[in-house]
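Happy to walk through this one with you. Let's take each label in turn and check it against its cut-off.

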Amino acid sequence: MADHTDPLNHTFRALADPTRRAMLEQLRQGPRTIGQLAEPFDISFAASSKHIGILEDAALLRREKRG
């Protein structure tokens, strides 16, 4: 049975989605807002926030709230 608590499983799950991989590629160039990350895709703010949450759970990025 798969161990869903394994950090490596979280990483592979996060990287399995092409949208999340593209978001990470954008972040290599510097900080972005969720809106900026969602812009190239036809997805809602809520959907992009969910993608960011999965990347954050996998410790691939850190979200910082401002304002």
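Helices (H or I, at least four residues) and strands (E, at least two) are DSSP runs, numbered from the N terminus. This is a predicted model, in which local features need pLDDT of at least 70 and side-chain atom pairs count only at pLDDT 80 or more, while totals for chains, interfaces and linings use all residues. Residues are numbered from 1 along each chain as its sequence is written, and side-chain values use heavy atoms, with hydrogens and water left out.

Q: In which helix is I34 found?
A: I34 belongs to helix α3.

Q: Why is I34 called buried?
A: Buried means under 20% relative accessible area, exposed over 50%, and partly exposed in between (1.4 Å probe, protein chains only). I34 has a relative accessible area of 17%, so it counts as buried.

Q: What does I34 touch, not counting residues up to four places away in sequence?
A: With contact meaning heavy atoms within 4.5 Å, I34 touches F45, S48, S49, I52 and R63.

Q: What makes up the largest nonpolar core?
A: A nonpolar core is a set of buried Ala, Val, Leu, Ile, Met, Phe, Trp, Tyr and Cys residues joined through side-chain atoms within 4.5 Å. Here the largest such core has 10 residues: A14, M23, L24, I34, L37, I52, I54, L55, A58 and L61. Two or more residues each come from α2 (18-27), α3 (34-38) and α4 (45-57), and α4 gives the most, with 3 residues.

Q: How do you know that E25 and R28 meet in a salt bridge?
A: The term asks for a side-chain nitrogen of Lys or Arg within 4 Å of a carboxyl oxygen of Asp or Glu. The side chains of E25 and R28 have an N to O distance of 3.2 Å, so the pair qualifies.

Q: Are these two partners buried or exposed?
A: E25 has a relative accessible area of 41%, so it is partly exposed. R28 is at 68%, which means that it counts as exposed.

Q: Which other residues meet in a salt bridge?
A: R63 and E56 do, with 3.2 Å from N to O. R63 is partly exposed because its relative accessibility is 29%, and E56 is partly exposed because its value is 30%. A search of the whole structure finds 2 salt bridges.

Q: What is the mean pLDDT of the protein?
A: On this scale of the predictor's confidence in each residue, from 0 to 100, the mean is 90, and 94% of the residues reach 70 or more. Among the elements, α3 has the lowest mean pLDDT (91) and α2 the highest (96).
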